[in-house]
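Please go through the model with the points below beside it.

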Amino acid sequence: MSLGRYTTAAMTRLTVAIMVRSLKQALSAAAQAAERGADLVEFRIDEFASDLPAITALVDQSPLPSIITIRPTWEGGHYTGDDAGRIAAFEAACAGPRKPAYLDVELLAYQRSQPLRQAVDRLVDHPGQVNPTDTGLILSNHDFTTRPVDLYQRVEAMLAAPACRVMKVAWRARSLRDNVEAFQLIDQRHKPTIALCMGEEGLPSRVLARKFGGLLTYVALEEGAGTAPGQPTVGQMKSLYRWDALNADTRVYGVIGHPVGHSMSPAFHNAGFDAAGFNGIYLPLPIPPEYEHFKATVATWLDAKGLHFRGASVTIPHKQNLLRFVQERGGEVEPLSLRIGAANTLVVRDDGSLFACNTDYAAALDSVCDALHITRDGLRGQRIAVLGAGGAARAIVAGFAHYGATVVIYNRTHDKAIELAKEFNNAPTVTGGTARVVAAPMEKLCDSCCQVYINCTSVGMHPKIDQSPVPPEVAKGWAPGTVVFDTVYTPIETRLLREAKAAGCVTVPGIEMFVRQGADQSRRWTGMTPPIEALRKLVASRLGG
Ligand code: NAP
């Protein structure tokens with residue numbers, strides 16, 4: 001088949017999908033969609049297809065151009081009527097003085113039913129049309145379970161139909177990799193295209209439709225009011241995902257983890273990009289735990305033409321996977337991250353080479369140094385107590401030991417503290433000396449005499465906010481001016497911090513580490529200093545502080 005390439009500079013339309021229950025409800029929703037900055041509305045009249053005068057009025061009175069869709073149950077919708085009912089409803093939609101911008105008809109229905117096809121062809125614009133109209137035909141295909149094996153045959157059929165102005169394919173993403181196929185379909189530009197992936201893994205296809213020049217993307221008016229899984233709201237698209245700032249050159253970042261649905265990082269980084277006027281977008285990027293998933297997904301995203309995937313925050317369970325991946329691809333790894341055995345930041349340099357580092361330990365170091373009014377060099381000779389021997393403790397122990405502090409590790413499971421101390425004791429430090437890291441039993445915490453106490457356990461975290469990793473009598477005995485840092489940030493002020501404050505200690509909340517590690521990532525990606533104070537406020541407000 002010979003296929004011409006269409007070219008258009010038209011912007012991707014933000015389209016609010018509205019399930020129509022009554023004329024009043026649908027017009028009110030369309031008015032709200034217009035107020036919130038949408039460009040189009042899709043009226044889903046699946047359960048409203050029999051009220052023909054109201055359908056004509058709906059199209060006529062809509063404050064925004066409209067798409068009329070009557071999705072049958074066999075394609076994931078709610079319409080249970082026959083073709084005759086659909087034909088009557090489409091005719092009613094086109095009967096008033098204002099016509100719909102588009103009619104959406106399922107490819108399979110259009111292929112199978114000659115009466116429906118002939119009726120629709122009479123209503124839409126196409127080369128053989130004798131009654132001029134602006135209404136275009138969207139031929140669509142949906143799979144709510146997976147990527148259809150015959151996706152390309154379906155696309156070809158849409159391309160071959162002369163009356164089809166727009167082709168639409170939507171399927172449930174099997175992984176983040178499916179988004180890349182959606183981008184490629186849009187990028188072929190044989191016809192205006194809507195290519196979307198459903199579900200949590202499909203979010204990039206919805207947001208980045210604008211970057212690739214998709215005809216439109218669907219959004220919900222409110223949380224829970226969507227017509228397909230994974231639709232963000234119009235408000236989220238506009239403010240959280242920076243819709244109006246997106247274009248073909250936008251650089252793409254995200255938080256890789258499993259799960260990542262509740263991560264604050266997209267709000268944090270997109271606000272930072274906004275404030276800096278940086279042409280970037282940051283998305284949640286869920287990848288299943290195994291290394292093979294990480295490797296395949298990140299490699300596909302790095303290699304995807306026109307995607308400009310330039311970096312990521314990497315969280316549990318992928319911090320070790322990031323190190324391995326960057327090393328396998330011949331990239332550079334910050335030496336201390338290698339020693340820690342975990343990295344949380346991926347930077348893709350302009351020449352395509354990769355760099356991985358760990359901004360967690362650096363954020364913890366700087367939070368403590370600021371509280372002590374010293375630079376990192378001043379850590380030499382300081383005595384730091386670290387409570388915990390898990391992932392967070394490991395990065396923090398390595399960081400403080402590297403800068404010459406003496407680190408004492410206390411942990412519920414003492415053997416783990418001994419193991420961790422062994423690993424970093426005598427490691428080389430920045431000053432050319434060797435690190436001093438020891439383990440001590442929890443019972444000895446009362447006479448530890450440290451200048452700094454850092455909680456790296458999860459004790460005190462929501463919902464068990466009445467707990468503290470340090471017995472109250474020990475906290476009471478701390479000398480005024482002692483620095484107490486709790487890495488836990490839900491709640492912002494933990495019981496440990498409250499008791500330390502009461503004893504006259506200088507307290508550092510975990511939010512400080514979160515904000516600083518994120519700001520450091522942003523600086524590495526954008527080359528600009530993010531507005532730390534504004535970001536601190538944003539995180540505090542999201543945490544209810
Ligand atoms: P992890 O690897 O699972 O380690 C958990 C640590 O907590 C272990 O040392 C464990 O001791 C100890 N622990 C758990 N329950 C305990 C209990 N009931 N009593 C005494 N000790 C207990 O977790 P992680 O990744 O290191 O994270 C630890 C904390 O760091 C989390 O609460 C997280 O909020 C915080 N964090 C904060 C930031 C930030 O940006 N502020 C960043 C990363 C992590 P055992 O060895 O005896 O099991």
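1. Basis of the note. This is a predicted model, in which local features need pLDDT of at least 70 and side-chain atom pairs count only at pLDDT 80 or more, while totals for chains, interfaces and linings use all residues. Residues are numbered from 1 along each chain as its sequence is written, and side-chain values use heavy atoms, with hydrogens and water left out.

2. Whole chain. The chain holds 21 helices and 20 strands; these are DSSP runs numbered from the N terminus, helices being H or I of at least four residues and strands E of at least two. The C-alpha trace spans about 90 × 45 × 40 Å along its principal axes. Of the 545 residues, 56% count as buried. Buried here means under 20% relative accessible area, exposed means over 50%, and partly exposed is in between, with a 1.4 Å probe and protein chains only.

3. Ligand shell. The ligand is surrounded by 20 residues, and the closest are Ala-389, Gly-391, Ala-392, Asn-411 and Thr-413. By type the shell divides into 9 nonpolar, 9 polar and 2 charged residues. In that count Ala, Val, Leu, Ile, Met, Phe, Trp, Tyr, Cys and Pro are nonpolar, Asp, Glu, Lys and Arg are charged, and the others, Gly among them, are polar.

4. Which atoms of the protein approach oxygen atoms of the ligand? A polar side-chain atom of Thr-413 lies 2.5 Å from a ligand oxygen. An N or O atom in the side chain of Arg-412 is 2.9 Å from an oxygen atom of the ligand, and a polar backbone atom of Ala-389 is 2.9 Å from one. Taken alone the ligand exposes 930 Å², and the protein buries 72% of that. Such areas come from the Shrake-Rupley method with a 1.4 Å probe; for residues, only the protein chains shown count as cover. The elements that give two or more residues to the shell are α16 (391–402) and α20 (510–526), and α20 supplies the largest share, 3 residues.

5. Helix α16. This helix has 12 residues and reaches 17 Å from its first C-alpha to its last, close to the 16 Å expected at 1.5 Å a residue. The expected span is 1.5 Å times one less than the number of residues. Helix α16 is mostly covered, with 9 of its 12 residues buried; among them are Ile-396, Val-397, Phe-400 and His-402. Gly-404, which follows α16, has a positive phi, near 90°.

6. Helix α1. Residues 23–35 form α1. Its buried residues are Ala-26, Leu-27, Ala-29, Ala-30 and Ala-33. Seen down the axis of α1, these fall within an arc of 160°, so they line one face of the helix; the arc is that of the directions from the helix axis to the C-beta atoms. On the other side of α1, Lys-24 and Glu-35 are exposed.

7. Two buried polar side chains. Asp-46 sits in the loop between β2 (40–44) and α2 (52–61) and counts as buried because its relative accessibility is 4%. Its side chain makes a polar contact of 2.7 Å with the side chain of Arg-44. A polar contact is a pair of N or O atoms within 3.5 Å; within protein, one must be able to donate a hydrogen and the other to accept it, and residues adjacent in sequence count only if both atoms are side-chain atoms. A polar side-chain atom of Asp-46 also lies 3.0 Å from the backbone nitrogen of His-78. Asn-141, in strand β5 (residues 136–143), is buried at 2% relative accessibility. A polar contact of 2.7 Å joins the side chains of Asn-141 and Arg-154.

8. Backbone points to check. Most residues other than glycine have a negative phi, and most peptide bonds are trans. The peptide bond from His-258 to Pro-259 is cis, with omega near 5°, and Pro-259 is in the loop between β9 (251–257) and α11 (265–276). The bond from His-462 to Pro-463 is also cis, with omega near 10°. Arg-189 has a positive phi, near 55°, and is buried, with a relative accessible area of 19%. Asn-426 has a positive phi near 70° and counts as exposed at 53% relative accessibility.

Conventions: A residue is near a molecule or strand if one of its heavy atoms lies within 4 Å of it.
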